[in-house]
Amino acid sequence: MTAFLAAHSKLIDQIGINALLALSLSVSLQAGQLALAQAAFMGIAGYVGAIGAVQRGWPLWESMLAGALASALAAAVLALPIGRLRGVFLAIATVGFGEIARTVENNLPITGGAEGLSGIPDDASTPWIYGTLIAVGCVIAAASRSKFALAVAATREDEGAARGVGIDTARVRFCTLTFGGLVAGLAGVLYAHANFFIAPGDFGFGRMEQILVACVIGGVTSSLGALVGATLMTVLPEFIRFLADFRDVTSGAILLGIVLFAPRGIAGLWKRGGRA
Amino acid sequence: MILQQILNGIVLGAVYALFALGYTLVFGVLDILNLAHAAIFTAAAFTALALAARGMPLPLAFAAAVALAGFAGILLDRVAFAPLRARNAGTLAPLISSIGAGIVIVGILRGVFGPDEHRFALGTAGDAQLHAGPLTFGVIDLVVVVTALVFMLALSYVMRATPLGRNIRAVADDRIAASLLGVDLERTIALTFFIASALGGAAGILIGLQYNSVSVEMGSRIELKGLAVIVLGGMGSITGAVVGAFILGAVETLSVAFISSSYRDAVAFGVMFAILVLRPRGLFGKRALRTA
Amino acid sequence: MQGKLVWSTALAAVLAAAPALGANSVAGKTVKVGVIADTSGAAGAYGSAQKNAYALAADDIKAGLLDAGGATIVFDVQDAASDPAQVVNLTQKFATDGSALLVGPTLSAEAKKADPIAVRAGLTILATSNTAEGITAMGPCVFRNSLAEAQVVPEAVAAAVAKWKPKTAAIIYGDDNQFTKTDYDIFQAALQKAHVELVDVETYHTGDVDFKAQLTKIAAKRPDVLVVGSLVEEAAKIVTQAKQVGLNAHVIGGNGLNSPKFMELAGGAAEGVVIGAAYFIGNSSPGNRAFVERYTKRFGAGPDQFAAQSYAAAQIVAHAVKEGATTSDALCAAFKRATSVPTVLGPVGFEASRDVRAPSAILEVMHGAFTAFK
C-alpha cells in the first residue's frame, strides 16, 4: 500500500488540487452562474504566489494568502461588469477574461512570459493540499445549512422569482463568484508549489474545460459531486493508459456515456430518491 | 497599408463567419452550444482531402464532404443530444456531451490520418494573387468572402421565406407550442443539424484550402474565436454571427497593425467583453435566455 | 611450488580474460528505458516522430543494425497527450518501476515540471528535444542531446549575412511558446552582432493560421531579411503568405523548420530558405543514409529533426549499454564519459554541463530538398 502511494503521490496531489478547482466552480454553478473564470483565477493567484516564493522566499502559507487575496480581488472586480450577463453570454465573457489574463501573463516581464517561472519550491505537500480541501469543504458544508444556501438555490432555479421574494440575487452572484475566486486561488498556489514551474498555458481554456467537465460529470448542484467528478477526470487518463492509441476516443466515449446515462451527474444518480 | 489591412480583416472575418453560421444556428434553435461543431469542421476538411487525393475533382469532393458533414450532424444529434432532450436535461449536459462527441470524432480522425499537418495537393486552390490597385488578395480569399456572404443570404432566405425556415423559427421560439401546432419536432431539429453541420463542413474545407492546412488541431484553434463571434453577434442571429465575425476579424487585424501583435487576443476579447457589458444579449440578440 | 605456478597462471589467465568477460556481460540483459513523448495533443506531430524513431531503433537493435552488446533495450514509449499532469505521472511511474533511464519529455515546459521528480529518485534523464535554458542544471544526471538555438543560430546568421549582405531585417515569432520565444532572443542578438538593423518585430500565437496582418506590416518596411522564429506548421504558412503579400526578403529560421514537412506544406515558397539546424538529413555520418532510407521506407516520409535526435539518443544509449552500463547510475557515468559517439547527427559527446557537443548544420532549401548552405 505504501509503495502504491509513493509511486502515485503526484497523482494523489493532482486529485486534491483538481477537487479544489471543481469545488470553486461548483459554487458558482450552484447559483446558476456559468462563470468560467476559474482557470484565470488559478493563474493569477499561482503567479502572485510563485513570484513571491521565488523572489522573496515566501513560505507556502504566505504564498497562499497573497495568491488567494489576489484572485478573490480579481473575482470581485470581475463581478461588477458581468452583473447583467446570463447563461452562455456570461460563460463566454468569463472565458474572454481568461484569455485576457493569459495574454497579460504571457507579456509581463515579471512572470517570465512564455518561458515560464521556474524554481518554485516544492513545499505543497499532500497534507497541505488535502488540509486545504477539507477546510474549504467544511466551509461549504457549513454554508449549505445556512439561509444563504437557500438564496443560492433560489437564484439558480428562478432568478426572477427569487428577486420577487426579496432575495438580493446580485449579492448572491457576487459572493459565489468571489468565494469561487478565492478557492481557485488557493488551488492555483498549491499547483504552482507542487509543479516547480508554471507557464501561462497552464491556465487557459483547456484547463477551464477540464474543470467544467469534472463538475458536470460529478453533478452540478452538488459539492460532493464536484469531488467525485474531479477524481474521475484526473485518474481516467492513467487508468486507460493501457489502451495506448485508443485512449482519447475511449475517454471521449466515457464522457459521452456518463453524460447520456447520468445527465445530472454521478451525484444525481445517487440522489435520485429526492432531495432532503 | 491601412487599406490592405482592412482587406485582411475582411478576409479573416469571412473565415470566422463561415465557422460561426452553423454554430449560431444550433445555438439559436436548441440553446445548445455544440462544441463538436469544430470536430465536424475538421472531419469535412479531411474527407475532402482524402477524396481529392484519390483523384476526385475538387468541386465533387467538396460537395461530397459537405453532404457527409450534414449527415454526421444528424448522427451527432441522435447520439449526443436527442436523449438529453427527451429527459429535459438542461443546457449544461448537452455542452459536455458535445465535448465528449468532439473528442471521439477528433480521436478517430487522428487514428486514421495521424497528428501531422496535411495540405491539399499543390495547386488545388490555385495560388493566383489578384491585384486591385494597391491591394492584393488571393483567388481563394475572394471565394471565401463571397461564400460567406452567399451562405448568409441563403440561410436568411431559408429562415424567412421557406416552410422549413418557419418551422425552425417556431421551434426556436417555443418548442412546445411549435409541436402543439403540428411541427414535426425531431425532423425539424434533424434538418437544422444537417444544415448547420453542412455549413461547418464547408467552412472546414474552404479554410483548409485557403491556408493550405488540414490537421486534427484545426478545429480547436478556431473554436474559441467562433464562440466569441456568436456571443458577440447575439444568440441565434444569423446577421449577428456575420457582423460579429467581421468585427472580430477587423479588431484582430487592426490591433496587430496599430497596437501590437502580442496583445491581439487580449484586445479582441476585450472588445467583445466591452460590447457584452453594454449589450448583455449581444449586438443582435433579442430573446431572453434560459439559464443553466 | 608447481601447484602455486599453476594457480598463478590460472589466476593470471582469468584476470586477463576478465575485461573481455566484462564487456560481454550485458549479453542477455534487458535495459528498460522509459520514454515520454506527446503523440497526441498540441505537440502530437513532434512526439509521433520521436515514437517512430524509437520503434525503428528497437527493431534495429534486434536485427543487429544497432549494437547494444547483445543486450535488449526496451523502449517503453508512453503518450503524455501534451498534458503536463500526465508527464508528471509518467515520470513518477518510470522513477519507481525499475526503469534505468528516462528519455524525454517532448517539451521543455513539461520537463521543468517533471524532471525534478526523476532527479530526486536518482533516475538519469536524457532529453532529446528540450531546448530551453536550465534543463541540464536540474540535476547531476540530466543530459541533453538536442542542440539549442543558441548553438545553431549564430553561425547560421553569420553565414547568411556574409552571403546576402543585408542591411535590414524583421522578425516574426511565436510569443506564447518557449522554443519560438527563445528564437527571437537569439536571432535578435545575432543580428545585432552582425550590424543588421531590425526594422520590425511581430508576434503570433501557436496555432495561428493567418499571418497576413503581421506580414503586411512587415512588408511595408521592406526588410532585406525575414527571420521566422517558429515551428514547421506556422513557418510553412508564414513563408507562403509572405510571398502572397509581396514580401520578397531572404528568409532564415532555426531548428523548428528542420523537417521535410516544411517543403511539403510550403511548396515553392520554401525555396531559398536558410535554416540553422542540429541535423542535416543529407549528412554523411556513417549510418545516416541507411537510417534515412529505413525511416522513409517504414514511415512514408523522411525523418525530421525530432526523429533524428531521438534515434541518436537510442544510439547513445546502445553505446553506453554496450560499455556495460545497465543501471541508472552506470548510464549517467557512461554518458559523462562519452566524447564521440557515432550517431546519425554526427559524433556526439557531452560537455561538463551535460549539454550536447555535436556538429551543427546550416541548411538551404534547394529544389525542394535540404542542402548544405554555401
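Keep in mind that the model is predicted: local features need pLDDT of at least 70, side-chain atom pairs count only at pLDDT 80 or more, and totals for chains, interfaces and linings use all residues. Residues are numbered from 1 along each chain as its sequence is written, chains are lettered from A in the order in which they are written, and side-chain values use heavy atoms, with hydrogens and water left out.

**Stop 1: chains A and B.** Show both chains: 38 residues of chain A are in contact with 46 residues of chain B (heavy atoms within 4.5 Å). Now pick A:Phe89, A:Ile92 and A:Leu260, which lose the most area to chain B (accessible area, 1.4 Å probe, lost on putting the two parts together, summed over both for the buried area).

**Stop 2: the salt bridge.** Select B:Arg110 and A:Asp248; their closest N and O atoms are 2.1 Å apart (the rule asks for a side-chain nitrogen of Lys or Arg within 4 Å of a carboxyl oxygen of Asp or Glu). The rule finds one such bridge across this interface.

**Stop 3: the disulfide.** Jump to C:Cys141 and C:Cys332, whose sulfur atoms sit 2.0 Å apart (the cut-off is 2.5 Å). The link is left-handed, with -90° about the S-S bond. C:Cys332 counts as buried, at 3% relative accessibility (buried is under 20%, exposed over 50%, partly exposed in between, with a 1.4 Å probe and protein chains only).

Stop 4: Finish on A:Cys175, which is in no disulfide; the nearest cysteine sulfur, on A:Cys215, is 19 Å away. A:Cys175 is partly exposed, at 28%.
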